[in-house]
Structure formats: C-alpha cells, structure tokens
Amino acid sequence: MTQDIVTFIGRFHPLWVHLPIGFLIIAVLLKGYMVLGKRPVLQEAVSFALLLGAISALVAALLGFLLSRSGGYEGDLLDIHLIAGWTTVLLAGIAWWVNKNEDRIPKKLNYSILGFLILTLSVTGHFGGSLTHGEDYLTAYAPFSGRQDESKGRVLATIEEAEVFTDVIQPLLRSKCQSCHRPGKSKGELNMVSYETLLKGGENGPVIIPMDGGKSELIRRVTLPEDHDDFMPSEGKKPLTEEEIHWIRWWIEKGNADPKISILEADEDLIEWAKPRLNILGAEKMLAVSIDTVHLRSLEKIGFRVRVLSQITGALDIVLPSEVATGQVSELLKTLLPIKDHIYWLSLAETGIQDYDLNLIAQFSNIQRLRIENNPISDAGISALKNLSRLEVLNLNGTKVSSSGLEALAEIKSLRSLFLWNTTIRPQDEWVIKISSEKVKVVFGA
Amino acid sequence: MYEMYGEESRDPGTYAANCLLARKLIEQDVKFVQLYHQGWDHHGNLPNGIKNQCEKTDQATAALIKDLKQRGLLEDTLVVWGGEFGRTVYSQGTLSPDNYGRDHHPRSFTKWMCGAGVKPGFTYGETDDFGYNVVKDPVHVHDLQATILHLFGIDHERLTYKHQGRRFRLTDVEGHVVKGILT
C-alpha cells in the first residue's frame, strides 16, 4: 500500500519539474535585464524568483526520488539525472543566498553561479526527457543524425537473408512497444530491445511461451479489447495492426520463437505483407549508393541522354544519340567509366561503335538492356559481351553478326530477348532454334 | 515500310502516316506519343462507317506494333488503344440490313494494351451475356490510369499537382493498379 502511495506521489514529478525550470530561468533573465538595463530595483524580484526556484526544485527532486523508487527506471541516465537534479537544487539555494547578500559578494562569482545553475538545469532537464521519451528522441530526426528510414530495418541483399525476428518482429516492437519497454524505463520490468531480454519477460513472468500463442502474455495483451486495463500498447499509443499481431503469433506458434528463423518459412500472405516493409536492395544494388550528379550533368552537356530509372538504386538509362556520336564514339564511351556500375540500360544505336568498343562495354557489369543495333559489329566483338551476366535484352539488328559468333551468348543465363532483324541469321538456323527453346525470345523482321 | 503500314501511309495526315510518324518519334526517344483518329460516333450508318474506320486503322495499327517489336522498341514502349467510352450492344435508330446505329455505352467497354510491362495475348474482365454490365474483374478508368502511371514508373498516390490551393492526384482519391495485367 505504501508502495502505491509512493508511486502515486512520485508521478507528480514530471508535472512539477516545470515549475523550477520556469522560476530559475525567469530569475536569470531578470538578473540579466537588471544588469544590462541598469535597473537595480529588480534585485528583490531576482532573489524572490530564486527562492521560489530553490524551493520548487527541492520539491521536484524529492518527488523524483519517490518516482525512481517506484521502479521501472534505472541505469546511467537515471544516475546523471539524479546527480544533476540535486546539484541544481543546491546551486539554486546558493544563488538565492548570494543574491540576497548581493552587496557582499563579488559580482563575477554571482554571475558564474547563475551560469552554472542554468547549465545544470539544462542537463537535468535533458536527461529527464531522455528517460521519459527515449535517448534518441531529440536527435532522431535532426538533419545531421544520418538517420536511416526507421520504418525499414537493416539493408538486405535478398529476401533469403531476412529473419523473422530481426527483420519483422524487431522493427514492429521498436515502433510500437520500445518507447516504454526499454533499458532505462522498462515498464513492468519488461525490456523488449533484445531477444534475450524479451524472452526473459517482465514482473509477471515470461511474455512469450514458444509454440503456445494462447499462453503468451504478449499476444494476450495486444489482443484484449482496447478499453481493457491490461491492453497494450497503453492508452494514447498506436495499437498493433492485425497483420502485426498475426506475424507475432506465427513467430511464437509455428516459428517456435526462434531468433534466426527465415522469413520464407512463414505463410505466403505473411511474406507478401512483409516484403514491401523489408529493405531489400539486391546484392548488386547495395553498392549503388549515390550517383555523382555533377558527372551526370557533364555527360548531358556532351550530349548523352541520361534518365534515372530508380532513385533508390541509382540505376541509369543512358542513350547516346547517333548525331552526337559521329566519329568520336570511342572517346565518348570512356566518359561513362566513372558511372559504369550504374548503367542498367544503354543505347548506342547507329553510333558507329566497332568491335573493339565492346571490350569497354563489357566492363559495365550491371547492364540489363543493351542496344547496339545498326553498327559495324561482327562476331569478333560479340564474344566480349558474354560476361555481362545480367543482360536481359540485346539488340543486334543490322549488325554483321552470324550464328557461330553468337554462340558465346549462350553463357548469359539472364538473356530473354534477342533482336536479329537485318542480319544474316535466319529463324530456321539451328542455333536460333536451340536458343529459342531456352526461353530466349529471338525477334526477326516482321 | 509503306507496304507494311498500307498505301495510305504515303499520304501525310492519314492515320497510317501518323502511325509511321509515331514509330519514328519513338525511335528518336520521344517519351509520349498520342495518335488521334475520329469519326467513330456511329449513331447511324454503322455497317458502312465501321468498315471505313477499320480500313483506315487496322493495318497501320498492326504494322506499328510489329515495327516497334522488330526494332526492339516494344521492350520499353507501352501501346494503349481505346476510346473514352463504348457503344451499346443493341441498336439505335432505323434497323435495316444496311443501316442501323449504336448509342454511347460507358458502362462497359474494351481497350487493349501491349508492350512493356503488360501480359500479352489474354483478356481481363468480363461482362454479362448482353455486354451491358461488368460481372468480373472490373477496371475503372482510374484503375487504368493508375496502372498506366505505374508502368511509367510513377506511384499515382504520390504524384500530385497543386491547383486552387490544394494538392490533387491525377487519379483523384480512387484507382488501384491492376496487377492482373502486369507481367
């Protein structure tokens, strides 16, 4: 019972703390006005405000002490807040005494004390805020924080890498539960930031019973009627969505609350729901950080047509118009080297490229669509392209290639469309029939 | 080429010549090409009218698609063919073997699409036996617009423009991408 009274009184702390903050700040502002504005008559008001500040700070500190006894708060943050708080009380008291006997104390000492008072007051307030709202509350959205998109988890190369706990459960706990259930706050003595502490449970025992969603307190709390006292997240916070609950239930029941279980083990509709929420970039795209836009502008000045296919991956569609290319295509191609991994589509139709230029293009390893039609290209150059392992569409209309030269292309497993209009190759050629049977669509003239 | 698009394609201003022009524009990387052809409002004289209209459009349209395909341009070009409404399945006005008409029918009508990003060779959606109402997989105009924007690489829910002090979407507050027709 006394514990309840302690908690009840302690919870007035967050309300009360604003009083000393206000009193002490107005005291210092008045002092500043008094000195700079030459209004000595204000000294009495300064002393009075400091007295109010010191008393209310003392009350705030006592209430805070009671609140910290009521549990749920611990750690470095609390220690710093506590020490800074009592220092503020002490300094406020000293400042009051000093200003009351202003004529006997050196002015510089007086000012320094007031300066330190504001400093400790700020420190106390800041760490108090961090305790209530979370350590990164203030800076999370700051422009310099380098914050990743919080709604998405870590960056993955493929969906195969995604784990149910790390990539689905954790992010949703982070957004819906961890503002209260985290180190330093641990409401109900439950800390949800790591797998271990989550499994450990809270003051009422474990919250997750592997294989048994019905007995898992976590599921019970989030599925209660919203007006029930035990309903989580507590009042005023966003409840979990049906899908989120579905996922947690699946993880506990079918996934045995296994921290490493793959997302692909889950039901189809769950995977479908999770997919757009994962941060999957694809292995080759993870390198595609930022494109050098200055270089892109210089390419455009030369006459290249540049189009960004995806802002996320930095994939580019590059077109070199034939009228720009005239006579200098080899040199122009070299200007593409700095962005070679970003080139996904490349069109060099009728630019006069020759076999040896293809050796350079072979370095653009992410190319998916390559248009090199109507150029004096022959079998000798084509073999260089066989290492373009992501190539899907290749346009060789109006080139001098032959069936035997194209055999090298069979190595490109990703190839799905091949254009051979106006070449010596015929639909009935043995090679064409063979490659057509391997899911490559070969297009000749209509 | 003229043979493929039909004799009329030699005559500037005809639909066939426009088709040929469209191909040339697309070949030059033009982002959006729209071809108009009017005179489809057959409230009367349908048997003759539709024959004439098809003569002017059929071959050239097919040629445009084939031509885009053989040049590899259909890989990243979407072709949409349609009007703003359909016509009734029942007739309007006088009814004789060589003269009758059909009224506007916006409730259910057909478009076709081909090229980049859409499934080839199938139909999507169904009407009742009288072609009056949609009974399966309806696609609203906003759905079609959302789908075309999606194929352009634009999220129709995020693309907005400001008009009279507030932001508008091209699809208003409606529209769903029709996933069933995408590859």
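Colleague: In this predicted model, what describes the packing of helix α3 (residues 18–36) of chain A and helix α4 (residues 43–69) of chain A?

Modeller: Their axes are 8 Å apart, and the two helices pack at an angle of about 160 degrees.

Colleague: Why are α3(A) and α4(A) called roughly antiparallel?

Modeller: The angle is about 160 degrees, and angles over 145 count as roughly antiparallel, so that's the label α3(A) and α4(A) get. The crossing of the pair is left-handed, by the way.

Colleague: Which residues make that contact?

Modeller: From α3(A), they include L19(A), F23(A), L24(A), A27(A) and L30(A). α4(A) brings, among others, V46(A), A49(A), L50(A), G53(A) and A57(A).

Colleague: How do the residues of the contact of α3(A) with α4(A) divide by class?

Modeller: There are 15 nonpolar, three polar and one charged. G53(A) is part of the contact, and Gly counts as polar.

Colleague: On to the chain pair. What makes chain A and chain B touch?

Modeller: Contact here means C-beta atoms within 7 Å. On that basis, 14 residues of chain A are in contact with eight residues of chain B. On the chain A side, β6 (369–371), β7 (393–395) and β8 (417–419) each give two or more residues. By class, that side has six nonpolar, four polar and four charged residues.

Colleague: And chain B itself, how many helices and strands?

Modeller: Four helices and ten strands. From the N terminus, the run is α-α-α-β-β-β-β-β-β-β-β-α-β-β.

Colleague: What share of chain B is buried?

Modeller: 18% of its 183 residues; to be buried, a residue needs 20 or more other C-beta atoms within 10 Å of its own.

Key: Residues are numbered from 1 along each chain as its sequence is written. Chains are lettered from A and ligands numbered from 1 in the order in which they are written. This is a predicted model: local features need pLDDT of at least 70, side-chain atom pairs count only at pLDDT 80 or more; totals for chains, interfaces and linings use all residues. Two residues are in contact if their C-beta atoms, placed from the backbone, lie within 7 Å. Axes are lines fitted to C-alpha atoms, for helices over the stretch in contact, and angles run from 0 to 180 degrees between N-to-C directions. Angles under 35 degrees count as roughly parallel, over 145 as roughly antiparallel, 65 to 115 as roughly perpendicular and the rest as oblique. A crossing is left-handed if the near helix is turned anticlockwise from the far one by less than a right angle, and right-handed if clockwise. A residue is buried if 20 or more other C-beta atoms lie within 10 Å of its own, exposed if 12 or fewer, and partly exposed in between; C-beta atoms are placed from the backbone.
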